[in-house]
Amino acid sequence: VRLGSGCNAFVSQAIIRTETEHSPEITTQLMAMAEPRKLRGHKATATCCISSRDRPGLVVTSGEDGCVCWFDLRCKDVQFTIDVGTEPVSSLCFKTGNEDILYASHGNEIKSFDVHMLSAGSWKPLESYSYNKDEVNQVVCNGRSSFLASADDSGDVKIIDVGQKCLYKTLRAGHTSICSSVQFIPWRPWEVITGGLDAKLVLWDFSKGRSQKIIDFSSDNSGQCLNPAFVHSIAVPEMDMVGKLDKICAVARGDGIVDLINIESELSRKGASKGCGSSSSSRNNVAKRVCLDYSVGGHKAAVSCVAFSQFQEKGRFLISGGNDKTVKIWDCVRCLDSDNNDNRDLLHLNIDLSKKVNWLCTNQSDSENLVVCDTTRVVKQPQPLFHLFFLLLIATVSSSSPLDPKQLKALKILTATKDPCNNHTNHSSTTITCDDASPFRRLTHLDLCGNRLNGVVPSFFSGMKSLRHLNLADNSFRGVLPFNESFIKNLEFFQVRGNSGLCYNNTVLSWKLNLGIAPCDKYGLPLSSPPQKQKEEEEEEEDDYDDDDDGDGDGDKKEEKHGSTNKVVLGVAIALSSFVFFIVFLILLAKWSLLLK
């Protein structure tokens, strides 16, 4: 399988050859999602994450433990941690034009830190601003000047001049409840836009300290009505995104809707606006409002966060996360196309998670470009944006109708080919959610050797009871091999060599199986080389942190206890050694005195 530049940002594709009882050869496309990578460093729920624009792969996260963690996605461990304070850190942002400076809000205070001081081991903040009366929900930096904006629980928004180190303006009387989100408008350097739990979106001229436009969603009855239309989060495209997106704002609402609103169009309208509009005209004139709700594949519960994509064609996709434990990937270009009447194409990809989403961000890398903070202390990095495998199986038959999902049950042989070209394939497809082995229960032969497949090996392979030949060699799989010894011994042929990032759990599988891959360390990463023989007694390696995603901290307590025990033993040893030395010294001193006499 050739994964070239023609693949889009989200899904790599492969052409394979399959064989069933009814059809000797079928051309099939595979798309996939792997298990999320876990970024560990917090001792309580992760609240926020941001990614660097200057240094792809750098991600900074905050948590309810009052800490900020820095991650380099090329490394397995947290790089360093800032102890901001005892209260939760609610929001983060880099200083525009100088990402060595980081702003973090906790409680009603905002602190700035210099990364150069952090690398030297100092946590002392450069500056501290305590202008907000209540807890700060979001802090953002102006891209064109030295202003910070901070929204708090009182409904006020503080504009802080970090150059002069003073409060510039207070924006009040716009929200009657908590102000949850704030963003500067890049093409309007003296304006900000805010959203709150009063279901209002407010556009402000902060140079004058007054609102210019208020959009009220409280009377909007479209979509879900079970939850109020609170505005939980807003996102505004950067200037280099505006060319393809126009001057819009994305709004994450409590009723499960994501709104795309043209800011310039709203400012040109007189009076207050309500709800989702239905006006439609030229995109470059007065564009329609777009409501991405459940009817077009949207969220089933409150939408907690939105962000425009930073990878490849920046801004092409809008990413939203919600309390329905999903992340939605929306094609913004299609959404804003006034000539597009096919709403089925708006949702590009759906990612199912296990927890509610608190925050998310993307980075500029071609892979591993989505980071999610959920309701656990472990920050997740879902992998569907570039990995290849079986979660979605799209089957197309040359010059005929799509493969019936029932035909998959008759599938016996599946072999990947080296030639992905198929000029006769049509565009119709059948999508099959495949998170278990049931559609492939009669599969006996699976050969995916040498196809540059990446991600983790799907665990549902072990549920294929008829499987006798499994070849996964010479790919780029990583993580822990999810098979037990009985499954492997039941195979007539099994090969996983040539996957340098793949390893096996040596408490589950014996080195005598000669798998050709290294055993795992306690982090689930390959050791430098496979052992020559199995040790009679393995060193006790406990990694309670791995399984303690909910943040009860048992693993940390055990580690602290173990460390404390070692310190006590060391202290006793030093004390005894000192006592013996002292006795020997007294004896020598006595002998020396006798010699003098």
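Visitor: How many disulfides does a search of the whole structure find?
Guide: The search turns up 1 disulfide. Keep in mind that this is a predicted model. The link joins Cys503 to Cys520, with 2.1 Å from S to S.

Visitor: Where do those two cysteines, Cys503 and Cys520, sit in the chain?
Guide: Cys503 is in strand β40, residues 501-504, while Cys520 is in the loop between β41 (518-519) and α6 (544-547). They are 17 residues apart, and the pair links distant parts of the chain.

Visitor: And what's the handedness of the link between Cys503 and Cys520?
Guide: That link is right-handed, with 100° about the S-S bond.

Visitor: Is Cys503 buried or exposed? What about Cys520?
Guide: Cys503 has 0% relative accessibility, so it counts as buried. Cys520 is buried too, with a relative accessible area of 9%.

Visitor: Which cysteine sulfur is nearest to that of Cys49?
Guide: The one of Cys361, and it is 3.5 Å away. Cys49 is in no disulfide, because the cut-off for one is sulfur atoms within 2.5 Å. Cys49 is buried, with a relative accessible area of 1%. Cys166, on the other hand, is partly exposed at 30%.

Visitor: New topic: charges. How many salt bridges does the search find?
Guide: It finds 15 salt bridges in the whole structure. In general, side chains of opposite charge can pair when their charged atoms come close. One of the bridges here is between Lys165 and Glu127, at 2.8 Å from N to O.

Visitor: Why does the pair of Lys165 and Glu127 tie together separate parts of the sequence?
Guide: Lys165 lies in the loop between β14 (157-161) and β15 (166-171), and Glu127 is in strand β11 (residues 127-129), so the pair ties together parts that are 38 residues apart in sequence. Lys165 is partly exposed at 48% relative accessibility, and Glu127 is partly exposed with a relative accessible area of 26%.

Visitor: Which residues are linked in a network of salt bridges?
Guide: Arg53, Glu238, Asp240 and Lys314 are linked that way.

Visitor: Okay, on to sheets. In what order do the strands of the open sheet with β20 come?
Guide: The order is β20-β21-β22-β24, so 4 strands with antiparallel pairing. The edge strands are β20 (231-235) and β24 (290-292), and each pairs on one side only. Neighbouring strands of this sheet are turned by 20° against each other on average, direction ignored.

Visitor: How many bridges join β21 to β22?
Guide: There are 5 bridges between β21 (residues 248-253) and β22 (residues 258-262). Within that pair, Ala250 stands opposite Leu260 in β22.

How values were computed. Residues are numbered from 1 along each chain as its sequence is written. This is a predicted model: local features need pLDDT of at least 70, side-chain atom pairs count only at pLDDT 80 or more; totals for chains, interfaces and linings use all residues. Side-chain values use heavy atoms; hydrogens and water are left out. Two strands pair if DSSP finds at least two bridges between them. Axes are lines fitted to C-alpha atoms, for helices over the stretch in contact, and angles run from 0 to 180 degrees between N-to-C directions. Buried means under 20% relative accessible area, exposed over 50%, partly exposed in between (1.4 Å probe, protein chains only). A salt bridge is a side-chain nitrogen of Lys or Arg within 4 Å of a carboxyl oxygen of Asp or Glu.
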